[in-house]
Amino acid sequence: MENYKHILLAVDFFENDAIVSSRAKDLADRYQAALSIIHVVDSLPMTHSDYGLDLPFNLDLAAELTAVARVRLAKLAEQLQVSESKTWLEMGSPKQEIIRIATENEADLIVMGSHGRHGFGLLLGSTANAVLHHAKCDVLAVRLPDD
Ligand code: AMP
(Lines give C-alpha, C1' and ligand atoms only; values in the text may rest on other atoms or scores of the structure.)
Protein backbone atom coordinates (compact mmCIF):
# COMPACT_ATOMS: atom_id res chain seq x y z
CA MET A 1 0.00 0.00 0.00
CA GLU A 2 1.29 3.43 -0.90
CA ASN A 3 1.69 6.10 1.76
CA TYR A 4 -0.90 8.83 1.97
CA LYS A 5 0.38 12.01 0.32
CA HIS A 6 -2.32 14.55 1.08
CA ILE A 7 -4.53 14.39 4.15
CA LEU A 8 -7.52 16.71 4.35
CA LEU A 9 -8.77 17.45 7.86
CA ALA A 10 -12.42 18.57 8.10
CA VAL A 11 -13.27 20.58 11.20
CA ASP A 12 -16.64 21.93 12.29
CA PHE A 13 -15.35 23.82 15.36
CA PHE A 14 -17.70 21.85 17.56
CA GLU A 15 -16.81 19.71 20.57
CA ASN A 16 -14.02 17.15 20.17
CA ASP A 17 -12.37 18.89 17.23
CA ALA A 18 -9.04 18.54 19.06
CA ILE A 19 -9.28 14.72 18.94
CA VAL A 20 -9.87 14.74 15.18
CA SER A 21 -7.18 17.35 14.54
CA SER A 22 -4.50 15.55 16.51
CA ARG A 23 -5.29 12.27 14.73
CA ALA A 24 -4.91 14.00 11.34
CA LYS A 25 -1.66 15.66 12.40
CA ASP A 26 -0.27 12.38 13.73
CA LEU A 27 -1.12 10.56 10.48
CA ALA A 28 0.39 13.34 8.37
CA ASP A 29 3.62 13.14 10.38
CA ARG A 30 3.77 9.34 10.16
CA TYR A 31 3.15 9.29 6.43
CA GLN A 32 5.16 12.45 5.73
CA ALA A 33 2.03 13.67 3.96
CA ALA A 34 0.85 17.19 3.28
CA LEU A 35 -1.87 18.25 5.70
CA SER A 36 -4.61 20.67 4.80
CA ILE A 37 -7.69 21.85 6.65
CA ILE A 38 -11.21 22.67 5.53
CA HIS A 39 -14.03 24.36 7.37
CA VAL A 40 -17.35 25.05 5.70
CA VAL A 41 -19.65 27.79 6.88
CA ASP A 42 -22.94 25.97 6.53
CA SER A 43 -25.32 28.05 4.42
CA LEU A 44 -28.30 25.76 5.02
CA PRO A 45 -29.80 27.49 8.08
CA MET A 46 -29.67 30.75 6.20
CA THR A 47 -31.46 29.53 3.09
CA HIS A 48 -33.88 26.87 4.31
CA SER A 49 -36.49 26.65 6.94
CA ASP A 50 -38.41 23.73 8.37
CA TYR A 51 -41.30 26.06 9.08
CA GLY A 52 -42.35 26.78 5.53
CA LEU A 53 -40.74 30.21 5.49
CA ASP A 54 -38.52 31.13 2.61
CA LEU A 55 -35.86 33.03 4.50
CA PRO A 56 -33.63 35.29 2.44
CA PHE A 57 -29.93 34.56 2.53
CA ASN A 58 -28.60 36.76 5.33
CA LEU A 59 -25.46 38.46 4.03
CA ASP A 60 -24.58 40.11 7.35
CA LEU A 61 -24.84 36.87 9.26
CA ALA A 62 -22.85 35.03 6.61
CA ALA A 63 -20.09 37.65 6.76
CA GLU A 64 -20.02 37.51 10.56
CA LEU A 65 -19.84 33.70 10.66
CA THR A 66 -17.13 33.71 8.02
CA ALA A 67 -15.05 36.25 9.95
CA VAL A 68 -15.23 34.18 13.16
CA ALA A 69 -14.46 30.98 11.27
CA ARG A 70 -11.47 32.60 9.54
CA VAL A 71 -9.87 33.45 12.89
CA ARG A 72 -10.46 29.96 14.29
CA LEU A 73 -9.14 28.31 11.15
CA ALA A 74 -5.99 30.45 11.20
CA LYS A 75 -5.40 29.56 14.86
CA LEU A 76 -5.81 25.85 14.20
CA ALA A 77 -3.55 26.05 11.14
CA GLU A 78 -0.86 27.68 13.26
CA GLN A 79 -1.19 24.98 15.94
CA LEU A 80 -0.88 22.22 13.35
CA GLN A 81 1.82 24.05 11.37
CA VAL A 82 -0.29 24.17 8.25
CA SER A 83 0.39 27.07 5.87
CA GLU A 84 -2.41 29.44 4.94
CA SER A 85 -2.34 28.19 1.36
CA LYS A 86 -3.38 24.78 2.69
CA THR A 87 -6.51 25.99 4.48
CA TRP A 88 -9.92 26.22 2.88
CA LEU A 89 -12.75 28.28 4.23
CA GLU A 90 -15.81 27.58 2.12
CA MET A 91 -19.47 28.39 2.29
CA GLY A 92 -22.25 26.01 1.36
CA SER A 93 -23.09 22.42 2.14
CA PRO A 94 -20.33 20.89 4.33
CA LYS A 95 -20.55 17.44 2.73
CA GLN A 96 -20.46 18.79 -0.82
CA GLU A 97 -17.66 21.24 -0.14
CA ILE A 98 -15.51 18.67 1.69
CA ILE A 99 -15.84 16.26 -1.23
CA ARG A 100 -15.24 19.00 -3.82
CA ILE A 101 -12.10 20.33 -2.15
CA ALA A 102 -10.77 16.80 -1.57
CA THR A 103 -11.30 15.92 -5.23
CA GLU A 104 -9.95 19.16 -6.69
CA ASN A 105 -6.83 19.00 -4.55
CA GLU A 106 -6.27 15.27 -4.90
CA ALA A 107 -6.48 14.47 -1.21
CA ASP A 108 -6.06 10.74 -0.67
CA LEU A 109 -7.41 10.69 2.88
CA ILE A 110 -10.12 12.76 4.53
CA VAL A 111 -10.04 12.80 8.33
CA MET A 112 -13.24 13.82 10.08
CA GLY A 113 -15.20 13.17 13.24
CA SER A 114 -17.73 10.33 13.42
CA HIS A 115 -20.26 12.90 14.52
CA GLY A 116 -20.27 16.61 15.16
CA ARG A 117 -22.82 19.35 15.22
CA HIS A 118 -25.33 17.56 12.96
CA GLY A 119 -24.81 14.08 14.28
CA PHE A 120 -24.75 14.87 17.96
CA GLY A 121 -25.87 11.74 19.80
CA LEU A 122 -25.55 9.56 16.69
CA LEU A 123 -22.98 6.91 15.88
CA LEU A 124 -22.40 8.54 12.52
CA GLY A 125 -23.50 12.06 11.67
CA SER A 126 -25.02 13.10 8.36
CA THR A 127 -21.91 14.88 7.07
CA ALA A 128 -19.69 11.93 7.96
CA ASN A 129 -22.17 9.52 6.39
CA ALA A 130 -22.41 11.46 3.12
CA VAL A 131 -18.65 11.94 2.82
CA LEU A 132 -18.05 8.24 3.50
CA HIS A 133 -20.51 7.34 0.76
CA HIS A 134 -19.46 9.82 -1.90
CA ALA A 135 -15.76 10.66 -1.49
CA LYS A 136 -13.43 9.23 -4.11
CA CYS A 137 -10.64 8.72 -1.58
CA ASP A 138 -10.25 7.00 1.79
CA VAL A 139 -12.15 8.51 4.70
CA LEU A 140 -11.25 8.14 8.35
CA ALA A 141 -14.19 8.81 10.66
CA VAL A 142 -12.52 9.27 14.03
CA ARG A 143 -14.78 7.71 16.64
CA LEU A 144 -15.78 10.43 19.09
CA PRO A 145 -17.27 9.98 22.56
CA ASP A 146 -21.08 10.11 22.66
CA ASP A 147 -21.20 12.43 25.64
P1 AMP B 1 -21.69 15.57 11.35
O2 AMP B 1 -21.79 14.35 10.48
O3 AMP B 1 -22.23 16.81 10.72
O4 AMP B 1 -22.22 15.35 12.72
O5 AMP B 1 -20.14 15.88 11.53
C6 AMP B 1 -19.17 14.86 11.47
C7 AMP B 1 -17.83 15.46 11.10
O8 AMP B 1 -17.93 16.07 9.82
C9 AMP B 1 -17.30 16.54 12.04
O10 AMP B 1 -16.66 15.99 13.19
C11 AMP B 1 -16.32 17.25 11.11
O12 AMP B 1 -15.12 16.49 11.01
C13 AMP B 1 -17.05 17.18 9.75
N14 AMP B 1 -17.86 18.39 9.53
C15 AMP B 1 -19.16 18.59 9.85
N16 AMP B 1 -19.55 19.83 9.55
C17 AMP B 1 -18.46 20.43 9.01
C18 AMP B 1 -18.20 21.75 8.50
N19 AMP B 1 -19.15 22.69 8.50
N20 AMP B 1 -16.98 22.03 8.02
C21 AMP B 1 -16.01 21.08 8.02
N22 AMP B 1 -16.18 19.85 8.51
C23 AMP B 1 -17.38 19.52 8.99
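User: What share of the 147 residues of the chain counts as buried?
Analyst: This is a predicted model, where local features need pLDDT of at least 70, side-chain atom pairs count only at pLDDT 80 or more, and totals for chains, interfaces and linings use all residues. Residues are numbered from 1 along each chain as its sequence is written, and side-chain values use heavy atoms, with hydrogens and water left out. Buried means under 20% relative accessible area, exposed over 50%, and partly exposed in between, with a 1.4 Å probe and protein chains only. Of the 147 residues, the buried share is 44%.

User: What pattern does the chain follow along the sequence?
Analyst: Helices (H or I, at least four residues) and strands (E, at least two) are DSSP runs, numbered from the N terminus. There are 5 helices and 5 strands here. Read along the sequence, they give β-α-β-α-α-β-α-β-α-β.

User: Is serine 36 buried or exposed, and which side chain makes a polar contact with its own?
Analyst: Serine 36 sits in strand β2 and is buried, because its relative accessible area is 0%. A polar contact is a pair of N or O atoms within 3.5 Å; within protein, one must be able to donate a hydrogen and the other to accept it, and residues adjacent in sequence count only if both atoms are side-chain atoms. At 2.6 Å, the side chain that pairs with that of serine 36 is histidine 6.

User: How far apart in space are tryptophan 88 and arginine 70, C-alpha to C-alpha?
Analyst: Tryptophan 88 lies in strand β3 and counts as buried because its relative accessibility is 15%. Leaving aside neighbours within four places in sequence, its contacts include His6, Ser36, Leu73 and Ile101. Arginine 70 is 18 residues away from tryptophan 88 in sequence, and the C-alpha to C-alpha distance is 9.3 Å.

User: Which elements do the buried residues of α4 pack against?
Analyst: The buried residues of α4 are Pro94, Glu97, Ile98, Ile99, Ile101 and Ala102. They pack against β1, β2, β3 (87–92), β4 and α5.

User: How many nonpolar residues are in the contact of α4 with α5?
Analyst: The contact joins Pro94, Lys95, Ile98 and Ile99 of α4 to Thr127, Ala130, Val131 and His134 of α5. Ala, Val, Leu, Ile, Met, Phe, Trp, Tyr, Cys and Pro count as nonpolar, Asp, Glu, Lys and Arg as charged, and the others, Gly among them, as polar. Alongside 2 polar and 1 charged residues, the nonpolar count is 5.

Note on methods: Contact = heavy atoms within 4.5 Å.
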